[in-house]
Amino acid sequence: MNQNQATLALSEPAPTMEFIKPPFNFTGCKTTLLPQLLPLFNYQHETFVDLFTGGGSVWCNVAPYFRKVLANDIIADLIGIQRELLERDDIIAATKALCVSKQDKEGYHRRRDDYNANPSPAGLFMLMQSCNNNMLRLNAHFRFNQTFGRRSWNPQTDIKVARYTEHIRKFRDRVTLTSGDFQQAQIPANSMVYIDPPYSATEAGYNAIWKKSLDDRRLFEHVELLDQQGHSVAVSGVSLHNGKECLLLNLLMEAGWTVTKLQHDYNGVSKVGIKQTQEVLLTNYFPGNATPLAI
Ligand SMILES: C[S@@+](CC[C@H](N)C(=O)[O-])C[C@H]1O[C@@H](n2cnc3c(N)ncnc32)[C@H](O)[C@@H]1O
């Protein structure tokens, strides 16, 4: 830990920055928080590591500001989709060829069975276009189990994918995408490491693969190691959600990490009434209000 004393601050949005939205509807996606998050990162490092990259909203928006970017997630095909889109267009045609119509529930179930028997990036991309709310959901064995959403690839998807690929391919030479458990990622010395794990206090379609308190504790120990190794580390989380607290964040706060409160409101998407939610960023450095410069 570089600083001993925790502080509470409210992050200010950076109004002049423009952001790119990945073509995935991903629970926990950070697109709306980016104006507050980006000014809090430390840009003195050569490499940015997005250790729990999910739909990749963070790495694709910081790529202009770091010489190297490493993005990792445990869901191999989610990384596979991003890797394919970074390199070439083939996955777009392959995904469209798999898509079923908005009325074809049986076709969707057949594709889901096919995917679970024989997973592939295009198979996952197709399911994410057609499933309920476009929200990926996996069981603890990484089997896709989301229901049909009566939706499919549409002209808007083409526009979103084209915008995204045009942006990320400018940074192809800087970006490395890996898939594996966070402990296995090879983090280059002296990196800015961003950590956005499943929040043990909330529900998400990938939470079945996160063993709540066990993984929270394992991650805490790993984060402490990254701190000792001299990386700048920033951890996102929800410190209070519907009265539930998060073990990882509590441990980091006890260890004296700096807390920055973020303004976010999940109440709009809640189906069970008003929830109390506090998004925070915990850092092992005192974040300034950085205006990153493209390199
Ligand atoms: C909160 S989401 C990340 C959201 C992401 N920042 C975005 O903007 O889309 C957490 C991610 O952690 C991944 N994950 C879960 N367990 C993991 C593990 N042991 N190692 C690495 N990634 C893991 C999940 O697959 C999920 O994509």
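## The ligand and its surroundings

The ligand is surrounded by 23 residues, and the closest are Gly55, Ser57, Asp73, Asp181 and Asp196. Keep in mind that this is a predicted model. Sorted by kind, the shell around the ligand has 10 nonpolar, eight polar and five charged residues.

In aspartate 73, a side-chain N or O atom is 2.7 Å from an oxygen atom of the ligand. Isoleucine 74 uses its backbone instead: an N or O atom there lies 3.3 Å from a nitrogen atom of the ligand. In aspartate 196, a side-chain N or O atom is 2.6 Å from a nitrogen atom of the ligand. How much of the ligand does the protein bury? Taken alone, the ligand exposes 600 Å², and 99% of that is buried by the protein.

## Salt bridges

The structure has seven salt bridges, including these:

| Pair | N to O distance |
|---|---|
| Aspartate 196 and lysine 30 | 3.1 Å |
| Glutamate 84 and arginine 88 | 3.6 Å |
| Aspartate 215 and arginine 218 | 3.0 Å |

Aspartate 215 and arginine 218 are three residues apart in helix H8, so about one helical turn separates them. Aspartate 215 is buried, whereas arginine 218 is partly exposed. Together with Asp181, Asp215 and Arg218 form a network of salt bridges.

Methods:
Residues are numbered from 1 along each chain as its sequence is written. This is a predicted model: local features need pLDDT of at least 70, side-chain atom pairs count only at pLDDT 80 or more; totals for chains, interfaces and linings use all residues. Side-chain values use heavy atoms; hydrogens and water are left out. A residue is near a molecule or strand if one of its heavy atoms lies within 4 Å of it. A polar contact is a pair of N or O atoms within 3.5 Å; within protein, one must be able to donate a hydrogen and the other to accept it, and residues adjacent in sequence count only if both atoms are side-chain atoms. Accessible areas come from the Shrake-Rupley method with a 1.4 Å probe; for residues, only the protein chains shown count as cover. Ala, Val, Leu, Ile, Met, Phe, Trp, Tyr, Cys and Pro count as nonpolar, Asp, Glu, Lys and Arg as charged, and the others, Gly among them, as polar. A salt bridge is a side-chain nitrogen of Lys or Arg within 4 Å of a carboxyl oxygen of Asp or Glu. Helices (H or I, at least four residues) and strands (E, at least two) are DSSP runs, numbered from the N terminus. Buried means under 20% relative accessible area, exposed over 50%, partly exposed in between (1.4 Å probe, protein chains only).
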